[in-house]
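This briefing concerns a predicted model. Please consider the topics below alongside the sequence and the structure.

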Amino acid sequence: MKSPASESPPAAVPAPDLPASHPPNQPGLLELFVAFAKMSLAGFGGVLVWARRGIVDQHRWMTAEEFNETFALCHFLPGPNIVNLSVVFGSRFRGVAGGIAAFAGLVGPPMVIATILAALYARYGEIDALRRILAGVSCAAVGLLMAVVFKMMMPLIKKRDLVGLVILLAVFIAIGLLRLPLQTVLLVAVPLSLGITYFLRQRVAA
Amino acid sequence: MNSDGNPISTLVWTFGLMSLFAVGGANSAIPEMHRIAVDVHHWMNDKQFADIFAISQLSPGPNVLIVTLIGYSVAGVAGALAATLAMCGPTAVLAYYVSRILQRSSQSRWPAIIQAALVPLSIGLMGASGLILALSSDLGWVAGLITAAAAVLAFATRLNPVWILLAGGALGFAGVI
């Protein structure tokens with residue numbers, strides 16, 4: 001995908017065989033902060049789409065493959081994925097300071113907005129009209145979450161990944177119905193799932 | 001827990017630990033947030049938790065900002081800041097070091113195996129999030145219908161989720177629920 005980039009600086013000559021740590025465009029600290037703040041503020045209901053757009057298409061700081069690899073890494077690590085991505089991405093270009101700049105851009109401005117909304121809610125949360133609106137938004141938001149769950153389930157169903165689906169169901173029951181603490185469930189489920197996955201891959205490879 | 005005396009340290013401890021167990025991101029950790037905020041510490045009731053989730057989805061930025069709202073309701077602005085940094089900090093440091101290690105040994109197949117093993121877990125957790133949130137709003141069959149309609153719309157179309165959220169809000173305002 002090499003459409004002419006209108007916004008890349010003139011110094012950026014495409015050089016496909018450079019190693020991943022030295023891509024053509026090198027963002028500065030302020031640039032990192034501003035770019036992540038923009039992606040974050042544009043991201044209603046998830047920042048990932050905007051992060052991909054900003055990093056790969058707009059700024060060309062990474063190729064699509066590099067972005068996918070970096071995101072895969074951040075997805076299997078615990079914690080908010082996109083936050084992990086900002087730190088990993090920023091630090092790849094500008095070390096620890098870069099990681100902090102990207103993180104601050106991603107979390108800082110929306111956190112200010114969220115705090116203001118929280119203050120408004122604390123003050124006016126009992127107003128009837130607001131309660132009704134929030135109840136409606138809440139229903140829709142739960143629906144959006146369920147859609148994400150189904151979308152993520154589709155590959156497992158298509159692959160007939162029975163083991164995966166059983167693990168999925170077991171976790172759903174343990175957390176959603178039995179309301180067991182997260183740590184307890186994960187301390188059992190993570191080693192189990194890792195063991196089974198490793199075993200199955202060994203068998204396929206053999 | 002005897003740290004109840006200082007809400008800030010309870011927030012930091014709670015979310016710092018949760019950060020490292022949030023497999024699959026912030027939405028997977030919602031059941032645990034609900035358990036801690038509603039059942040363990042009684043920071044808020046079911047309905048307020050559902051409200052806070054709705055507000056977090058309405059505001060821009062990463063989903064993790066629901067902890068900002070929880071933190072604020074516990075201890076004001078300081079609580080909001082403490083909860084957010086605690087939820088993001090530990091895992092950000094972990095991500096930094098792991099990515100540096102993996103950059104050196106990029107041929108390892110462990111990332112793929114770990115990812116394959118964790119995907120079903122995080123889907124199960126997110127499913128549980130949906131269930132717990134649906135139960136905590138507890139508004140009857142019309143609400144269930146709106147949830148189902150939103151799910152189908154988001155699944156089957158490429159509609160921007162903001163419109164679905166706003167439509168839900170409009171229906172709520174109109175007094176349908």
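Which residues are buried in helix 2 (residues 48–58) of chain A? They are Trp50(A), Ala51(A) and Ile55(A). Because these residues cover an arc of only 115° around the axis, they are on the same side of helix 2 of chain A.

**Overall make-up of chain A**

- Chain A contains seven helices and zero strands, and its elements follow the order α-α-α-α-α-α-α from the N terminus.
- Chain A has 206 residues, of which 41% count as buried.
- Among the contacts in chain A with a separation of 6 or more, 46% link residues 24 or more positions apart.

**Contact between chains A and B**

- Chain B brings 88 residues to the contact and chain A brings 83 residues.
- On the side of chain B that touches chain A, at least two residues come from each of helix 1 (7–21), helix 2 (30–40), helix 3 (46–58), helix 4 (66–104), helix 5 (110–137), helix 6 (141–156) and helix 7 (161–173) of chain B.
- Helix 5 of chain B gives the most to this side, with 22 residues.
- By residue class, the side of chain B that touches chain A comprises 61 nonpolar, 24 polar and three charged residues.

Conventions: Residues numbered from 1 in each chain as written. Chains lettered and ligands numbered in written order. Predicted model: local features only at pLDDT ≥ 70, side-chain atom pairs only at ≥ 80, totals over all residues. Contact = placed C-beta atoms within 7 Å. Helix = DSSP H or I, 4+ residues; strand = E, 2+ residues; numbered from the N terminus. Nonpolar A, V, L, I, M, F, W, Y, C, P; charged D, E, K, R; others polar. Buried ≥ 20, exposed ≤ 12 C-beta atoms within 10 Å, placed from the backbone. Arc of directions from axis to C-beta.
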